[in-house]
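Hi,

Here is the model I said I would pass on. Have a look at it first, and then read my notes below.

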Amino acid sequence: MTVSKSVGTTGPTQTNMRFVRAFFASLRNMAVPAVSLSLLLFGVAHVVTSTRSEPAIDPPVTPPRSPYGATIAGAGVVEPRSENVRVGAPLSGVILTTFVTPDDTGKSVKKGDLLFQVDDRHLHAQLLHAEARLLVPQAQLARLESQPRPEEVSPQRFRVDALRANAVRARDDFQRLLQLSDSRTISESELVASRQTLQAADAERDRAQAELDLLISGAWEPDKEVTRAEIAQIVAEIARIKTEISRSTVTAPIDGVMLQVNVRTGEFVATPPTKDLIVLGDMQRPRVRVEIDESDIPRFRPGMDAAAFVRGSDGQPLPLRFVRTEPFVVPKQSLTGSNDERVDTRVLQVLYEIQAQTHSVFVGQQMDVFVNATAVDAVTVSNGE
Amino acid sequence: MSWIAMRMLIGDTAKYLGLIFGISFATLLMTQQISIFVGIMKRTASQVLDVRDAPIWVMDEKTRFIDEAPGIPEGDLERVRGVTGVDWAARLYKGQVTARLEGGEFRAVVLFGLDDATLVGAPAEMIRGQLSDLRQPDAFMVDKSGYEYMWPGEPLILGRVVELNDRRARLVGICKASAPFTTLPVLYTRYSIVRGFVPGQRTLMNYILASPKRGSDPLQVCVQINKVTGLAAYTQEQFFWKTIKYFLSTTGIPVNFGITITLGFLVGAAITGQTFYLFTLENLKQFGVLKAMGVSNSRIVGMVLLQGAVVGLLGFGIGIGLTAAFFESTKNITHLAGLYLVPEAAVGVGVAVMMIVSLAAMVASMKVLWLEPAQVFRG
């Protein structure tokens, strides 16, 4: 400032010129260091801003954390206390009537409530047929039991009477001839003839009497038994058909909640069903089937505490109560559904009951379960030492 | 005396600037090459660094580097969760698949399958869309440079549909991710839908991301995981270096860059050394006069060293600034994004430059030391 002012106002003088030259010289001398320094500062600023390391952050959703010091972790699947009851249909056929619709899924049913009915019209036809067939032996039995027919008895009785009279007359004739034979008024042959006539008349009378007795005694009991057996047979058949008809109607086998309803009028139901028709479950206290890897089995003891986390929630763990251990170690259930799946490992299944009331637990849902293995690990460590 | 040394230095402008230029050039060459080398090496493990929410990586014990991990059984996730000292663990898939674009072109892409429930390993910064959109069916996200690689020159639009393994996938977000070594796009999706996106294989999960309990030593937890499950467990830093070491030992990159950096050093040293030597030689008369005036040898060596130090410092400053300017100007170019002047390079090259100038000064001052003061008056 001073320089330009002096140049502008008083004009160039010897002193001023030297001063200006010195200034420019120093400017030139300072230029390189100034450029260098500013570039260096720029470089330092670049390094400082670029090498800022990214700070660690928390995951978008807090992953489930074990609430215990030492833990066995396992994946669990929620199931009803009754396990999943896949209601089956005893008869195959087209569904005629449904008493529940897919909209009723989630509602409760009582044991014995009607669920759906498969086509039973052919059974009703068979029932009518059997019932009609029953009438024949029934009528036969009635006829047998109403014997003797009174209208038949009277002529026979009259016939007996007639033959009896006939026999009396023959006896009289013979007696008379017998007396006459002593007086030799008749020949021997006449007497013999009369005796034979008497014997024939007696036989005739006895036969008629016997026939009358047969008639009066009515139908023969074994005949009736045969007819009764026929009746019993057809009655049994009717009962069978009725049972079949009742089997065509499917009812709830337990008290529970309908977890799935897969029946619609007009659909065909095969036996065994090709899909889950209706799935029932007792949802009073849902359970978790926890799968423990076989390499963790040595650390597991029945009765250990456990806690479950609903996947995707930041919430508190749900406390679990030990129910039982399935003593059969099974291949790990893979949830991929791929058919070329091979088994990696086998798992011990342990059942736990969810203690808390929660709305976010559904059957079939996967949960992350942590089993408290603090006690066992402590023992193992102390033994190891 | 220092003042005289400075006057001598500045007096010959051409030599002065030549010396500074030589040093600047050497600095620029070396810092730039080292920085690019470090940056490219860092890119080989950039996916490791991008996972900022999990400090521990668990994988097959024989894994050599990040792109190679084979699948491990799904049940191992539960076993890792059961290891004492592990706070939480989540599954992760990382692999490479081919994506078919709308037009029928296809691109190899790096695919991440994040744990459905927690999205551990998700990108930290979104440019378009929300992270929660990843929960939509068939959803995937791509990093910004990956988007530009897949659809060059097109504006960032969400909702694009690509085919992965003949399955439809819909773009729901564009995120920020460090560029991978192979420059492939990085796709993020959920683990459960990765099964469809990856051609059938028996085991899918190849990494487990875990976090140590608060207060426990991550290294100790890694050892514990390895002991209990037989899987390899590394902290982020360990895995980062493991991957980098793999690439250092199996690729020609270090040799290539090593040659360039050495050449930078040699050229810088040659130019500077030669110029400085000549400069000192030309000033031999002045030094002789000084010597005749009774200035001690050590004083003269000190002067030469001071000249060297000043030249070195100025040249180094300019070189560093030019390197910084280079990286600042390429910051927004996708292919060079994420490269920057690393402080180690700056410091290392600083030391190298100081070595060059002190060497040159030493050699040059030899002449002065053996100089007979009377000699300058003879001619």
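In chain A, strand E4 is joined by two bridges to strand E7 (residues 256-261), and the two run antiparallel. Ser108(A) has Val257(A) as its bridge partner in E7(A). Before I go further, the conventions: this is a predicted model, in which local features need pLDDT of at least 70 and side-chain atom pairs count only at pLDDT 80 or more, while totals for chains, interfaces and linings use all residues. Residues are numbered from 1 along each chain as its sequence is written, and chains are lettered from A and ligands numbered from 1 in the order in which they are written. Helices (H or I, at least four residues) and strands (E, at least two) are DSSP runs, numbered from the N terminus. I call two strands paired if DSSP finds at least two bridges between them.

On confidence, the scores are ipTM 0.79 and pTM 0.75. Chain B has an average pLDDT of 86, with 98% of its residues at 70 or above; pLDDT is the predictor's confidence in each residue, from 0 to 100.

**Sheets in chain A**

That E4-E7 pair belongs to an open sheet of four strands, in the order E2-E9-E7-E4 with antiparallel pairing. E2 and E4 (108-109) are at the edges with a single partner strand each, so one side of each has no neighbour in the sheet.

Chain A also has an open four-stranded sheet in the order E6-E5-E3-E8, again paired antiparallel. Its edge strands are E6 (249-251) and E8, each pairing on one side only. Inside this sheet, E3 (residues 93-98) and E5 (residues 114-118) run antiparallel and are joined by three bridges. Thr98(A) has Phe116(A) as its bridge partner in E5(A).

**A helix pair in chain A**

The axes of H3(A) and H6(A) (residues 221-247) come within 9 Å of each other and cross at roughly 160 degrees; axes here are lines fitted to C-alpha atoms, for helices over the stretch in contact, and angles run from 0 to 180 degrees between N-to-C directions. That makes the two helices roughly antiparallel (angles under 35 degrees count as roughly parallel, over 145 as roughly antiparallel, 65 to 115 as roughly perpendicular and the rest as oblique). The crossing is left-handed, meaning that the near helix is turned anticlockwise from the far one by less than a right angle.

Most residues other than glycine have a negative phi, and most peptide bonds are trans. These are the spots I would look at with that in mind:

- Gln147(A) to Pro148(A) is a cis peptide bond, with omega near 0 degrees. Pro148(A) sits in the loop between H3 (121-145) and H4 (150-182) of chain A.
- Thr271(A) to Pro272(A) is cis too, with omega near -5 degrees. Pro272(A) is in the loop between E8 (268-269) and E9 (278-281) of chain A.
- Glu83(A) is not a glycine, yet has a positive phi of about 60 degrees. The loop between E1 (71-79) and E2 (85-87) of chain A holds Glu83(A), which is partly exposed with 13 C-beta neighbours inside 10 Å. For the cut-offs, a residue is buried with 20 or more other C-beta atoms within 10 Å of its own, exposed with 12 or fewer, and partly exposed in between; C-beta atoms are placed from the backbone.
- Leu119(B) also has a positive phi, near 55 degrees. This leucine is in the loop between E3 (106-114) and E4 (125-128) of chain B, and is buried, with 23 other C-beta atoms within 10 Å.

In H10(B) (residues 284-292), the buried residues are Phe287(B), Gly288(B), Leu290(B) and Lys291(B). Seen down the helix axis, they fall within an arc of 160 degrees, so they line one face of H10(B); the arc is that of the directions from the helix axis to the C-beta atoms. Just after H10(B), Gly294(B) takes a positive phi of about 100 degrees.

Cheers
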